[in-house]
Amino acid sequence: MTLAWVEDRDPLPDPARAPVPASGLAAAGLDLSPARLAEAYRKGLFPWYGPGEPVLWWSPDPRMVLRCEDFRVSRSLAKRVRQFDRAAGGEPAPEPAPEPAPGSASESADRPPRTDAPPALCVTLNLAFSEVIARCARRGAPRIGLGAARAGRDWAEPGAAQGRDATWITPDIMAVYTAWHRMGRAHSVETWIGGRLAGGLYGVGLGQCFFGESMFSLAADASKVALAYLVRHLRARGAPWIDCQQETPHLASLGARPVPRARFLEMLAAGRDAPAPPWGRGRLRADGGLEPPPAGWRAR
């Protein structure tokens with residue numbers, strides 16, 4: 001089968017009508033814009049290519065999909081999520097007690113608590129998209145434990161990404177998805193520990209469909225906590241599933257399952273034009289709702 005080459009004014013092939021190989025490679029071209037992304041996602045296509053390659057458009061068969069009701073939470077992840085839930089519900093999880101400096105115990109006891117300090121644990125929506133996608137492009141950093149992160153221990157900055165799976169987020173990809181984010185179509189979920197970005201994910205919202213793109217963690221399970229909060233938020237919005245694109249053992253461990261392409265396209269057609277509440281910015285609550293960001297925070 002000859003690969004379709006798409007010029008700027010040409011439509012992308014529609015996998016629901018045009019034959020696409022099981023590998024999923026449907027077309028190639030040089031056009032990458034918010035308008036082209038909008039067309040692609042409506043047709044069940046997504047871009048995935050390496051540096052120096054043309055833009056490659058994919059629709060794999062099968063397609064990996066995580067139904068929100070099937071999201072699998074391990075015992076250790078459930079424990080971490082509960083810590084964030086307590087903080088989100090106004091009942092912060094206990095903080096590790098710092099070692100007092102000699103002679104400072106009475107001063108610490110008399111000092112009034114800070115009211116402008118960031119929450120110790122917090123999950124937010126659309127407050128740091130640019131930072132999230134940049135860190136997703138530089139995966140591979142060693143993670144530290146949640147307790148160590150909350151105690152203020154530094155985590156290592158990620159080095160250069162290795163391998164195709166980690167390098168597909170090219171500068172062009174970052175630029176076009178960031179522009180799409182400003183238009184209200186691409187979204188990020190951020191996990192914060194002590195006011196520092198510890199993990200997160202980003203993806204695309206279309207009607208009642210959500211397409212997951214990438215995630216990263218600098219502290220243990222930080223991206224999974226973001227996913228857990230995203231699942232709750234999507235269920236509160238009436239969105240039943242997350243497109244995970246490609247089959248991997250990691251996604252399977254979270255409850256995602258392969259879906260035949262034809263079935264995925266049916267699910268997409270049923271949800272892409274469905275009315276959905278507008279996406280906002282702020283702090284995600286334990287019940288999946290959204291509230292204003294913590295005092296002093298602003299989107300970046």
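Strand E2 (residues 25–29) and strand E4 (residues 55–58) run antiparallel and are joined by 4 bridges. Strands here (E, at least two residues) and helices (H or I, at least four) are DSSP runs, numbered from the N terminus, and two strands pair if DSSP finds at least two bridges between them. The model is predicted, so local features need pLDDT of at least 70 and side-chain atom pairs count only at pLDDT 80 or more, whereas totals for chains, interfaces and linings use all residues. Residues are numbered from 1 along each chain as its sequence is written, and side-chain values use heavy atoms, with hydrogens and water left out.

With strand E11 (residues 257–259), E5 forms 3 bridges in the antiparallel sense, and Met64 stands opposite Pro258 in E11. With strand E10 (residues 241–245), E5 is joined over 4 bridges, also antiparallel, and Leu66 stands opposite Ile242 in E10. E5 is mostly covered, since 4 of its 5 residues are buried. Buried means under 20% relative accessible area, exposed means over 50%, and partly exposed lies in between (1.4 Å probe, protein chains only).

Two packed helices are described by the angle between their axes and the distance between the axes. Helix H1 (residues 34–42) and helix H7 (residues 171–182) pack at an angle of about 85°, and their axes are 9 Å apart. The axes are lines fitted to C-alpha atoms over the stretch in contact, and angles run from 0 to 180 degrees between N-to-C directions. H1 is therefore roughly perpendicular to H7, a label that covers 65 to 115 degrees; angles under 35 count as roughly parallel, over 145 as roughly antiparallel, and the rest as oblique. From H1, the contact (heavy atoms within 4.5 Å) involves Pro34, Leu37, Ala38 and Tyr41, and from H7 it involves Val176, Tyr177, Ala179 and Trp180. By class, the contact has 8 nonpolar, no polar and no charged residues. Nonpolar here covers Ala, Val, Leu, Ile, Met, Phe, Trp, Tyr, Cys and Pro; Asp, Glu, Lys and Arg are charged, and the others, Gly among them, are polar.

Two loop residues were also examined. Ala219 lies in the loop between strand E9 (209–217) and helix H8 (222–237) and is buried, with a relative accessible area of 0%. Ala219 and Thr191 are 28 residues apart in sequence, and their C-alpha atoms are 9.5 Å apart in space. Ala276 lies in the loop between helix H10 (261–271) and strand E12 (282–284) and counts as partly exposed, at 33% relative accessibility. Ala276 touches Gly207, Gln208 and Arg237, not counting residues up to four places away in sequence. The C-alpha atoms of Ala276 and Cys209 are separated by 9.3 Å, although the two residues are 67 apart along the chain.

Over the whole protein chain, the secondary structure comes to 10 helices and 13 strands. Of its 300 residues, 50% count as buried.
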